[in-house]
Amino acid sequence: MDLMIESFPKLINATILTIELTLLSLFFGIFVGIFFAILRTSKVKFFYFFSYYYSYIFRGTPLLVQIFIIYFGLAQIEWIRESFLWIFLKEPYSCAILAFTLNTGAYSSEIFRSAFETINKGVLEAAKSLGLNKINTFFKIKLPIAIKQSLPAYGNEMILMLKGTSLASTVTLLDLTGVAKHIISTTFRPIEIFILAGSIYLLFTFIIHNVIKFLEKKYDYNSVK
Amino acid sequence: MGFLAYGDTGWGDELFYATLMTIAVAAAAIFIGFFLAAIFATFKLSKSKILNIIGSIYTTVFRGVPELLVIYLFFFGGSSAVMYVAKIFGYDGYIEVNAFLTGAISIGIISGAYSTEVFRGAIQSINLGQFEASKVLGLKKKIYYYKIIIPQMLRLALPNISNVWQITLKDTSLISVTGLVEIMRQSYIAAGSTRDPLFFYSFAAVLYLFLTFLSLKIFNKLEKKYSRGH
């Protein structure tokens, strides 16, 4: 019990980094996801295959490999070390965010793609006959419907990303899992720390779950308000 | 390509054995997971409130807590539990529990949480009328399960089992933190001694892609086999 009280502030401090990594990766990941989802619908073969293989590779390999390639691997290429990119790529923090963003972007692109594909053709025809141009159709019709469609799956992806940020600890960052591991390896009291750190993760899983539930209700056009 | 030579001069044979190790841990983990899922899916479907709650706690905790944290729990927890027992018998040193077992159990417990949901959905989807029908036909319970229930369950559950397998396979990369020499650990060792992490981690990615590709092909075949007649 003493150990739990003693380590609680340390774990809370580390939680800030975990939240930061999760939110930043999800934020950038949405843009990457939408970008590749749009590429996937392109009629240009190259764009289509580029998007297809991007998502195939990032979903078919473990996140750990992706982080290691970006953090340890890219540092080996000389022109990267001599370019302005090195400012970002020498830091484990930005490397972790880059890896998480690309990873969640791949999963999100699949979620968004299937959401765009399920949009009813009749709705698009209606938009056309109302004289909406392409940009308006995209932002006012397609995007809101796609957001609604993808909410449940995207909620799961958010939770996966929250758990995924624990891998930041493998590139020396002291996130919640990193600090938890440090305390466990110095005190050899894994159960107490697991309960504490695990509860913090579960709390955020619970929050994400409920935010998504709230948004689903908000975007539910079908039910009468 | 000299890096991948088979034998003492390259890392080809080491990486080959490491790949087998990854497959072995993943297979052990998914079977441990199936075993747990069979128990917890019954818990979740039972009429007892307490069993329902136990089932829900299991799936919520192990799907909501990072895999790495679970691995640390069993990695450090496993050896302290064994050391505690050893102390009773008068041994006072550090004992490390087998990394394979730690990995298979921790990934297995996580995999089981996903499988529980899959099993539960599959069981719920089977029509009860079939039980009555097979009773009328005078089928024995064993035949009823093996010939009627399980084939139908498999057809519905296979796409989801395929997903769980992919997750489990990728999760095994995290066991490398415990020192078990699977693909990631071997690549780490090779990258350290050759100072070429880019090559070895990219090669690890290729190995994982190959494994996920291969398993997808196998599962597609199985799905075809079990969905004949549909």
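1. Two residues are in contact here if their C-beta atoms, placed from the backbone, lie within 7 Å.

2. For chain B the mean pLDDT is 89, and 99% of the residues reach 70 or more. Within chain B, confidence is highest in α2(B), at a mean of 95, and lowest in helix α5 (residues 129-136), at 82. Where pLDDT is low, the predicted coordinates should not be read in detail.

3. Back to α9(A), for a quick check of its geometry. This helix has 12 residues (176-187), which at 1.5 Å a residue should span 16 Å; the C-alpha atoms at its ends are 16 Å apart, so the two agree.

4. Most residues other than glycine have a negative phi. A:Phe188, in the loop between α9 and α10 of chain A, has a positive one although it is not a glycine. A:Phe188 counts as partly exposed because it has 13 C-beta neighbours inside 10 Å. A:Thr172 is not a glycine either, and its phi is positive at about 70°. A:Thr172 sits in the loop between α8 (134-164) and α9 of chain A, and it counts as exposed because it has 11 C-beta neighbours inside 10 Å.

5. The loop between α8 and α9 of chain A also holds A:Leu174. Is A:Leu174 exposed, partly exposed or buried? It is partly exposed, since 17 other C-beta atoms lie within 10 Å. Apart from neighbours within four places in sequence, A:Leu174 is in contact with A:Ala14, A:Leu17 and A:Val179. A:Tyr93 is 81 residues away from A:Leu174 in sequence, and their C-alpha atoms are 10.0 Å apart.

6. Next, have a look at helix α3 of chain A (residues 63-73). Of its 11 residues, 11 are buried, so this helix is largely enclosed by the rest of the structure. Among the buried residues are A:Gln66, A:Ile67, A:Tyr71 and A:Gly73. Which elements do they pack against? In chain A, the buried residues of α3(A) pack against α2 (45-60), α6 (92-117) and α8; in chain B, against α7 and α8.

7. A:Ile67 leads on to the core. The largest nonpolar core has 110 residues, and A:Ile67 and B:Ala204 have the most contacts inside it. Helix α1 of chain B (residues 12-45) gives the most to this core, with 13 residues. Leaving aside neighbours within four places in sequence, A:Ile67 is in contact with A:Cys95, A:Ala96, A:Ala99, A:Leu167, A:Thr170 and A:Val171.

8. Finally, the interface. Here 29 residues of chain B are in contact with 32 residues of chain A. On the chain B side, the elements giving two or more residues are α2 (49-64), α3 (67-88), α7 (183-194) and α8 (197-226). The most come from α8(B), with 10 residues. By type, the chain B side divides into 20 nonpolar, 6 polar and 3 charged residues.

Conventions. Residues are numbered from 1 along each chain as its sequence is written. Chains are lettered from A and ligands numbered from 1 in the order in which they are written. This is a predicted model: local features need pLDDT of at least 70, side-chain atom pairs count only at pLDDT 80 or more; totals for chains, interfaces and linings use all residues. Helices (H or I, at least four residues) and strands (E, at least two) are DSSP runs, numbered from the N terminus. Ala, Val, Leu, Ile, Met, Phe, Trp, Tyr, Cys and Pro count as nonpolar, Asp, Glu, Lys and Arg as charged, and the others, Gly among them, as polar. The expected span of a helix is 1.5 Å times one less than its number of residues. pLDDT is the predictor's confidence in each residue, from 0 to 100. A residue is buried if 20 or more other C-beta atoms lie within 10 Å of its own, exposed if 12 or fewer, and partly exposed in between; C-beta atoms are placed from the backbone. A nonpolar core is a set of buried Ala, Val, Leu, Ile, Met, Phe, Trp, Tyr and Cys residues joined through C-beta atoms within 7 Å.
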